[in-house]
Amino acid sequence: MTTTVLGGVGAGIIPEPFLRAESVAGKFFLMFFAIAFFAAVFGLVLFLASLFKGRSGEKWQGVIFVAPALVLLSVGLVYPAILTIIQSLRGRSGEDAFSLSNYSAMFTQPELLLVLRNTALWVILVPLLATGIGLIYAILIDRARGEAFAKALIFLPMAISMVGAGIIWKFVYQYKQTSRPQIGLLNAILKALGFDTQQFLINAPLNTFMLIIVMVWIQAGFAMTVLSAAIKSIPDEIIEAAKLDGVQSFKMFRFITLPSIRAALVVVVTTIGIGTLKVFDIVRTMTGGQFDTSVVANEFYSQSFRFNAPGLGAALAVLLFILVIPIVGYNIVQMRKEA
Amino acid sequence: MALNSRRRFATLTAVLAVAALTVTACGSGDEEGGGDDAGSTGGGGAIDCAPYEAFGELDGKTVTVYTSITAPEDEPHIASYQPFVDCTGVEIKYEGSKEFEAQLPVRVKGGNAPDIAYLPQPGLLKTMVETGQVKPAPPEVAANVDKYMPDSKAWGTVDGTFYAAPLGANVKSFVWYSPSAFAEKGYQIPKTWDELLALSDKIASDNPGDEVKPWCAGIESGDATGWSATDWMEDIILRTAGPETYDKWVAHEIPFNDPAIQTAIAEAGKILKNDKYVNGGFGDVKTIASTPFQEAGLGITEGTCYMHRQASFYAANFPEGTTVAEDGDVWAFYLPSTSADTRPVLVGGEFTAAFADRPEVKAFQTYLASLEWATERAKTCGLGGCVTANKDVDPNLLENAIDKLSAEILTDEAATLRFDGSDLMPGAVGSGTFWKGMTDWIIGKDDKATLDFIEQSWPAS
């Protein structure tokens, strides 16, 4: 992307081989050129802004500061979004006559309905489980001995990429016949307990739940960290006042802790919800969307790049966009209320 | 065959990138140092440079090649370019990718097309031609193809224009087995489909437990999971419905879910969906879906299964030290037809499509379609899988026994050759829903629902 933009800018001024960045020297040159270009744009913006002074000038300064971001947003986000919406309305290939065929396919074709069902399972289960587990854990370890260590234990998966986590859990779920030596942890445990080994990633609908566990494993740490911080920020006076009134453990949680951390809870649930809607890496790494485990984001990729149906892919992307909007909207409204 | 390339584990991708870079680097080094190195590499392959000199002064020019042939098969491939490099001084920049099929359209649409791409599927060629960026093959290439591989020309032709010369070729209708295990049990190589089923029954009743089964199979292949099940289907359609129906089915002149195809999928199910027959060493039928195709046939050397249907290129997957020969550890027999007198053969291969028509690109295309290249390829062949579409290559140059057998089958007059159907179909089906449909079929979808699903996905136009 940078190369093309810069290529356009630098064509004619800079010798061609440098722009193609094929040699080490060319790569460095391109890097310095990009930094210099950025500095120049920034300098230009500051210079232009400095031309306007006084009260009425502030308005113009604001406009000038916002302009580069607006230009980049419209070129990089708005314009492609409009193209995607148009493409989604023009048949499987995205080039035919306008129709709603992609959208009707999405809600009638059994394979795609399954994708929607799976996405619904993900979006309901992951935020609930991850937040629930994170919250309980945060409360249990709050002010306990070795809190930092206990937190690290559950927070560490956050540091692992989704692809990495997918590969790790794929090993955990590995299947071998019961009579053979096991290399998957979970099946080794099953075998040691005397059960038959299971094909966790093949058997639907079990496999979708096995994938959801991976996402929960990653996200619970995030929920725990944010919620733990929120719990710690509850003023001691409130807690003490409640204790004096004789409020006991569960009621304390229900009437004191929960209302106090409500804002944090909303942020956590919605953030995880958005992340879950877009989940792609885990599914693609572990099953590739095969065996009835596909979700919208993965299906969008498959349709666009594998099944040569960019129109249908675009429709799935639009659906994803529409599904994310209310969550983002709710999130913003909540944040405004807090502010 | 797309799949040649796919049989390596994902971790090797990085190694490949480094290897490719190193090899190209060495290549350019050699050139600058003069041709003194050339005699010792290649098979002493000094060739007649005249055909390439006709393209003018090419020294110092570069041709980029993008392929799905990755490590370790890329090195012998690159080695086979040496005579051309020695002749012209052109530098060949080779880049292999396991994501080739997904990435090539992106690169072409993004204006970043390679000079030459080795397309493993004629169906993909058609899609690429529709972008308007593929250059028709120069007359020199067409002349070579007419001379050495006239039968394969049609597969590189789209709407009457010839674009892509055939490159490598492989035979898919093979069943791998262990000659010693067969001899020990007194099993005979089946000559007809019924004999094959009878043999499967016999092996199954000789091995009642869960441990050893007649067949082993595996269709897991990352992004391409399902392809080896499509080969099964195609081989069986060729046998139960015949080559003419097969052609109609591939061209969508009969629907994908035609009764003839339903018969074939039911026949395939007799083996692939029969828990008594599969999946030796891995478990029940469903394990076929999760078993990497690279590992699927290893049960033959381990004694957990007796037969494994896979293309000639599978030879490279057996552990080091395994002798691949008629009297060796593993060998392959021709997947029998319904009667002993018909010999349909499923084949695959790559095609060279050019996205540029600079003289050096045309010259390299011409070289790749020449007898000299095919000969050099046979000579510098490392791991096997070096059969080319060129019919004039001396089969005795092929060191590998299975390569030799493949070359014999490919030039056999009695054989009816048919190209891998999934590779001929539009990409949306051939490398999309057909793969997915067969995978779903393995894990439990019924015959009719599977075929109906693939049929509805066939692009309208």
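I begin with residues 1–44 of chain B, where pLDDT stays under 50. For this stretch the model has 78 contacts beyond four places in sequence. What we have here is a predicted model, and a word of caution applies at once. Where pLDDT is low, the predicted coordinates should not be read in detail. Chain B as a whole has a mean pLDDT of 84, and 89% of its residues reach 70 or more. For the model, the scores are ipTM 0.74 and pTM 0.78.

Let me turn to chain A. How many helices and strands does chain A have? The count is 16 helices and zero strands. Its radius of gyration is 26 Å, whereas the globule rule gives 20 Å for 339 residues; the value for chain A is well over that, so the chain is more spread out than a compact globule. Of its 339 residues, 31% count as buried. As for contacts in chain A between residues at least 6 apart in sequence, 62% of them join residues at least 24 apart.

I come next to the domains. Chain A is divided into two parts: domain 1 covers 2–103, and domain 2 covers 105–338. Taken over C-alpha atoms, the centres of these two domains of chain A are separated by 35 Å. Where they meet, 12 residues of domain 1 of chain A are in contact with 11 residues of domain 2 of chain A. Which helix of chain A gives the most to the side of domain 1 that touches domain 2? That is helix 4 of chain A, with four residues. Helix 4 spans 54–88 and helix 5 spans 101–108, and each supplies at least two residues of this side of domain 1 of chain A. By class, the residues on that side of domain 1 divide into eight polar, two nonpolar and two charged.

Finally, I consider how the two chains meet. Here 16 residues of chain A are in contact with 23 residues of chain B. The side of chain A that touches chain B consists of seven nonpolar, six polar and three charged residues.

To close, I return to the point of caution: in chain B, residues 1–44 have pLDDT under 50 throughout. Thank you for your attention.

Key: Residues are numbered from 1 along each chain as its sequence is written. Chains are lettered from A and ligands numbered from 1 in the order in which they are written. This is a predicted model: local features need pLDDT of at least 70, side-chain atom pairs count only at pLDDT 80 or more; totals for chains, interfaces and linings use all residues. pLDDT is the predictor's confidence in each residue, from 0 to 100. Two residues are in contact if their C-beta atoms, placed from the backbone, lie within 7 Å. Domain bounds come from an automatic or database domain assignment. Ala, Val, Leu, Ile, Met, Phe, Trp, Tyr, Cys and Pro count as nonpolar, Asp, Glu, Lys and Arg as charged, and the others, Gly among them, as polar. The radius of gyration is taken over C-alpha atoms; the globule rule is 2.2 Å times the number of residues to the power 0.38. A residue is buried if 20 or more other C-beta atoms lie within 10 Å of its own, exposed if 12 or fewer, and partly exposed in between; C-beta atoms are placed from the backbone.
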